[in-house]
Amino acid sequence: MTFITRYTPAPGEQALLKHVDGAGKVDGSVVVALPIDRWSGPEETNSFEGHGGGLTFWDGKDSDGRPLEIDYDTRSGDLAFIDRAVWHQANPITKGTRWAMVIFYKVSHST
């Protein structure tokens, strides 16, 4: 399954908080940060700079045994390959519009 998602500063549209993908029905996902929307506002409004966004992953443990939190500041064209068991989120944005393509995949094994 593939879909395009949009994030705006409007309530309920600014983030997709901590989750895992597919609830066991997919093997993973690919997230593609699409080009910013230059038609809905000036570049400084839709810029990736200083307006939030990006991805956060919780994978592995730090030296104290706490979940390791990894922040990834995405840019247009960036790809993130996410395993089905990795907790992650699309971080809140405060200005502009962001678009992402999400691909859920399942690996099949032929005999």
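Biologist: How many bridges join β1 to strand β8, and in which direction do these strands run?

Modeller: Two strands count as paired if at least two bridges are found between them. In this predicted model, β1 and β8 (residues 98–105) run antiparallel and are joined by six bridges. Within this pair, Y7 stands opposite R98 of β8.

Biologist: What is the order of the strands in the sheet?

Modeller: The order is β1-β8-β3-β6, an open sheet of four strands with antiparallel pairing. Because β1 (2–7) and β6 (79–83) each have a single partner strand, they stand at the edges, and one side of each has no neighbour in the sheet. On average, neighbouring strands of this sheet are turned by 25° against each other, direction ignored.

Biologist: Let us turn to a loop. Where is D27 found, and is D27 buried or exposed?

Modeller: Buried means under 20% relative accessible area. D27 lies in the loop between β2 (16–19) and β3 (28–33). Its relative accessibility is 13%, so D27 counts as buried.

Biologist: Which residues is D27 in contact with, leaving aside its neighbours within four places in sequence?

Modeller: They are D83, R84, Y105, K106 and V107. With R84, the D27 side chain makes a polar contact, side chain to side chain, at 2.8 Å.

Notes
Residues numbered from 1 in each chain as written. Predicted model: local features only at pLDDT ≥ 70, side-chain atom pairs only at ≥ 80, totals over all residues. Heavy atoms only, no water. Helix = DSSP H or I, 4+ residues; strand = E, 2+ residues; numbered from the N terminus. Axes fitted to C-alpha atoms, helices over the stretch in contact; angles between N-to-C directions. Buried < 20%, exposed > 50% of the residue type's maximum accessible area, 1.4 Å probe, protein only. Polar contact = N/O pair within 3.5 Å; in protein donor to acceptor, adjacent residues only side chain to side chain. Contact = heavy atoms within 4.5 Å.
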